[in-house]
Every structure is written in structure tokens, then in C-alpha cells.
Amino acid sequence: MNRSVKEVYDVLIVGSGAAGLHAALSLDAGFSVLVLSKDAADVCNSAYAQGGVAAVLNPQEDNEELHFQDTMIAGGHRNDPAAVRVLVHEGPASVLELRELGVAFDTGRDGALDLTLEGGHSRRRIAHHEDQTGAEIVRGLLAALAGRPNISLAADTVLTRLEKDAGGFHALIEQGGAFATVNARFCILATGGIGRVFRYTTNSPVATGDGIVFAEKLGARIKGMNLVQFHPTALARGPEERFLISESVRGEGAKLLNSRGERFMQRYDGRGELAPRDVVSRCIMEEARRTGSNEFYLDITAEPADFVRGRFPAIYRKCMEYGIDMTKDRIPVYPCQHYLMGGIDVDLNARTTVDGLYAVGECSHTGVHGANRLASNSLLEALVFSRRAAADILAAGHAPAEVRPLTPAQGKPAPVELRETIQGMVQESFFVTANLEKARENLPRVEAIARQMEDGYADSRGLTELRSLAGVAALILKEVLSA
Ligand SMILES: Cc1cc2nc3c(=O)[nH]c(=O)nc-3n(C[C@H](O)[C@H](O)[C@H](O)COP(=O)(O)OP(=O)(O)OC[C@H]3O[C@@H](n4cnc5c(N)ncnc54)[C@H](O)[C@@H]3O)c2cc1C
């Protein structure tokens with residue numbers, strides 16, 4: 001175990017994506033903080049974010065009310081209006097704070113932020129760094145963290161067990177086969193999404209929903225697990241982790257075509273290609289049924305080649321790996337699991353229903369996204385609510401945790417091959433729309449796997465992730481069936 005990991009901290013933060021890092025940086029220098037990352041510190045969904053972060057940054061042409069309305073419309077008015085008000089009101093300061101920390105957002109010749117447009121936004125309000133905004137944000141936050149002696153970062157260190165008693169939180173962590181217990185009065189879960197429970201996802205390998213299952217076991221309320229966003233335009237080539245063709249490609253003029261080379265979105269929705277994601281994904285499935293073909297394309301060849309290469313360098317490079325030159329060729333696309341709107345239910349200060357336990361970022365359910373997240377509101381949510389969690393902890397003040405060592409379970413190695421079984425069951429039960437018959441058939445099966453994982457296996461990252469995948473699958477299928 002890394003010698004710098006101590007026994008007791010004020011705050012344990014599980015996750016080094018935008019939410020976890022920003023929470024750590026928002027805490028006072030007087031608070032000792034441990035940030036865990038189960039992989040390298042920059043392997044996370046945050047680092048994958050391409051499009052950018054949405055906020056009202058050009059008040060001459062935009063305002064909070066418009067951002068509020070766009071968010072509510074995209075979310076089908078199933079959002080929590082109070083949470084959306086907080087998001088849009090505190091959003092601009094959060095983005096500007098990132099800039100001050102050294103995150104390089106693209107600017108125009110006049111030095112003003114270059115704001116782009118994405119589906120569902122009525123104004124240009126997306127701050128970005130080329131098409132690699134998330135990687136730049138994570139880079140900037142990690143650089144800022146390095147200058148903060150009160151914060152320790154333990155990479156390649158997985159939380160395998162989390163318990164709570166009157167003395168605080170006790171966390172069993174594993175690093176390279178060695179185990180240790182960390183104790184903290186406060187715990188912030190920032191463990192990200194659940195994409196890996198689906199066969200096809202845009203999510204990073206860490207997105208197995210660990211925090212949601214840890215929180216559920218501690219008795220926290222979990223909400224909206226059927227609120228899964230399927231992005232309409234993942235690259236329809238390559239491995240099961242699908243590369244995303246950002247919404248901003250449509251924002252900059254790309255047309256969506258069916259297998260016959262026809263535009264079709266206008267027939268379904270007046271907003272055309274820039275309708276919210278859930279609408280576009282459903283339209284693609286409908287159009288696939290109508291034409292009898294799953295082939296769909298994004299076409300941005302009408303835009304100048306230099307502009308396309310300069311604006312979307314990472315997407316251009318990725319497409320070229322498959323022999324697709326997006327300045328001349330259509331890009332094959334298809335919907336894919338992308339984001340979870342539900343998760344650990346929290347209040348406006350990111351507090352869960354368990355005392356001292358907070359959840360921020362994609363693992364949380366703040367209510368801001370409703371039934372469908374508006375593009376680029378997710379990084380914003382991670383920033384705004386992680387700062388609120390930190391402020392709430394600062395207000396509560398210091399209270400040292402008691403030390404209670406946890407013993408790792410011994411037993412067989414985790415049957416990691418069950419991952420694919422779980423992914424297959426979830427994929428066939430729920431993809432853009434639910435297949436209720438399959439969901440009914442598969443729910444008892446994933447519940448049986450979840451029970452099987454409780455006993456007889458040795459604690460490890462593999463076991464933790466298997467438990468999480470089975471637990472998340474059960475939560476999703478239950479909500480799909482009761483919706
Ligand atoms: C391809 C792609 C493009 C996207 N584009 C955008 C965009 O343009 N704009 C936008 O707003 N949003 C975008 N999103 C969504 C957004 O990136 C994520 O929702 C957001 O970054 C999630 O941040 P997070 O900090 O909650 O989680 P993550 O960034 O995923 O971080 C999770 C962290 O938790 C750690 N962790 C998990 N389990 C454990 C454990 N058991 N022990 C220890 N550590 C653990 C991981 O190691 C990781 O450090 C995109 C997502 C994807 C996948």
C-alpha cells in the first residue's frame with residue numbers, strides 16, 4: 001500500500017473525475033482529504049467528454065431563464081426545478097473558476113470564449129477545448145490538486161467495502177493486492193456512471209456503478225435507475241466501447257441520414273438534427289423499423305475541410321483509424337448507452353439520505369436532468385454540486401473518525417466471466433426502449449448473480465465490479481418494470 005495513505009482523514013472522496021477532483025479542491029486546506037481512483041487518475045468518463053460544459057457565459061445573447069427552459073424541455077419537465085435553478089445560476093461561476101484554475105477553454109480572436117451549440121440548446125453556450133474538453137478539465141484539476149498538500153490522491157486503488165457506524169465511515173481499499181482500512185467522518189461518492197452494465201456503451205472502463213451499490217447497501221435512497229440516456233450518434237465501428245461522435249458535430253452543421261442517404265429527422269420533429277438526444281435516438285429506431293435497415297450516417301462534408309479538422313481533431317483522428325475521412329465521407333453512427341440520469345438521490349447540497357454521505361457527479365440523482373440530460377449539463381452538474389457538497393462539509397466542521405479495521409474476505413477468485421452474462425441480459429431488456437418480457441425474464445437472473453457474489457469470494461476489484469454490475473442491473477430492471 002502506498003505509504004502516503006493514512007488511517008484517518010476528514011473526508012474520503014471516491015472518484016477522481018470532474019466531480020471528485022472539484023469536490024476535493026473546494027474543501028478548505030484545513031481538511032485532510034483522500035481521493036481514490038480505481039484506475040489511473042485520468043481514466044474516467046470526465047476525461048472522455050468531448051463537447052464541453054454548458055453555462056450562460058454570453059449574457060448579451062443568453063440568460064439563465066433560457067438555460068433553465070432548455071434543460072426542462074430536454075428533461076421532459078421531469079426535472080426538479082429547484083435543482084435546475086441552482087445549476088443554471090451557479091454554472092457560469094463554476095466554468096470561470098475552472099478557467100482561473102488553468103483549464104484552457106477555446107477562445108476567439110477577441111479573447112472571448114468560443115461558445116458552441118449542441119442539441120436542445122437555444123443559444124450558443126457550450127465552453128469547450130477543441131473536442132477534448134473533459135481531458136483538459138481533468139488535466140487542469142489534477143494540476144491544481146498537486147499544489148494542495150491537504151489532499152492525497154491514491155490511484156489504482158479500489159474501494160472494495162464501505163461501512164458506517166457512529167464513529168464514521170470505514171473503507172476497505174485495495175492497491176496492487178494489498179489491503180488497508182481508511183476511516184473518515186465524511187464520505188463523498190463520485191464514482192461516475194454505469195455504462196459497463198450494457199454491452200455497447202460510450203463509457204470508460206471504470207463506469208460500473210460501484211458507488212450506487214455501496215450507497216444502496218448503506219441504506220441510501222436510489223432513484224430513477226431506468227432514466228438511462230442513449231446517445232444517438234456513437235461511431236458504429238470498432239469494439240463494444242463505442243466512440244462518441246459529439247453532438248457538436250451536428251451543432252456545427254452535420255446532417256443525419258438514413259441508409260438511403262435521406263435526411264429524416266424533420267419528418268419526426270421540427271427541431272431536426274438538433275432535437276434532444278432521447279428524441280433523436282427514438283427517431284433513429286423508428287426510422288430503422290421503417291426502412292428495415294440499421295445503417296445511419298452523419299454527414300458534415302458540406303463544411304470546409306480545414307474547419308472540420310481543426311474543430312474536431314480527436315473525432316477526425318478516430319474516424320481515420322477506420323478509414324473514414326469525415327471531411328469527405330459520411331460517418332456511420334448508431335445509438336448507444338451513454339449516461340445515467342438517475343442514481344443516489346441527493347438534496348441541493350448533495351447530501352444522500354445517509355448522514356455524512358454525499359454523492360456528486362454522474363452517480364448522483366440531483367434531479368437536474370429529468371428524463372433526459374441536456375447536452376453538456378453533466379460536467380456542469382458535477383462542478384456545481386461538488387462545490388455545494390464541500391461547502392456543506394465545511395459548515396459541519398471537523399470531527400475525527402474512529403479507527404475500525406476491516407478484514408478482507410478470503411475465498412475463490414471472482415467469476416469475472418459473469419460480466420458478459422449480465423451485460424447481455426441488460427442490453428436485451430433495455431435499449432432505447434424497454435423490452436418488458438425480457439426484463440421480467442432477466443430480473444430474477446441478475447438478482448441471483450448479485451446474491452451469489454455476497455459470499456465465498458475473495459475481495460478484489462473484480463469482485464467489487466461484479467457485485468456492482470449485478471446490483472445496478474437489478475436496480476435498472478426493477479425500475480423498468482415498475483415504470
Ligand atoms: C464519451 C463521453 C462524452 C461525454 N461528453 C460530455 C460533454 O461533452 N459534456 C458533458 O457535460 N458531459 C459529457 N459526458 C458525460 C460526463 O463526462 C460525465 O457524466 C461526467 O464527467 C461524470 O463525472 P464524474 O466525476 O461523476 O465521473 P467519472 O469522471 O467517470 O469519474 C469516476 C471516478 O470514480 C472512480 N471510481 C469508481 N468506482 C471506484 C471504486 N470502487 N474505487 C475507487 N474509485 C472508483 C473512477 O476510478 C473515476 O476516477 C460524456 C461522457 C462520455 C462517456
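R85 lies over the face of F68, 3.6 Å from the ring centre. A charge counts as over a ring if NZ of Lys or CZ of Arg is within 6 Å of the ring centre and within 35 degrees of the ring normal.

A quick note on where this comes from: the model is predicted, so local features need pLDDT of at least 70 and side-chain atom pairs count only at pLDDT 80 or more, while totals for chains, interfaces and linings use all residues. Residues are numbered from 1 along each chain as its sequence is written, and side-chain values use heavy atoms, with hydrogens and water left out.

Now look at rings meeting rings. Rings of Phe, Tyr and Trp (its six-membered ring) pair if their centres lie within 6.5 Å; planes under 30 degrees apart are stacked, over 60 edge-to-face, and the rest tilted. That rule gives eight aromatic pairs. One of them is F198 with F230, edge-to-face at 5.7 Å centre to centre and 85° between the planes. F198 sits in the loop between β9 (178-189) and α6 (210-217) and F230 in strand β11 (residues 228-235), so this pair ties together parts 32 residues apart in sequence. F198 is buried, with a relative accessible area of 1%, and F230 is buried too, at 5%; buried means under 20% relative accessible area, exposed over 50%, and partly exposed in between (1.4 Å probe, protein chains only).

Finally, F198, F230, F264, Y268, F296, Y334, F430 and F431 form one aromatic cluster. Helices (H or I, at least four residues) and strands (E, at least two) are DSSP runs, numbered from the N terminus.
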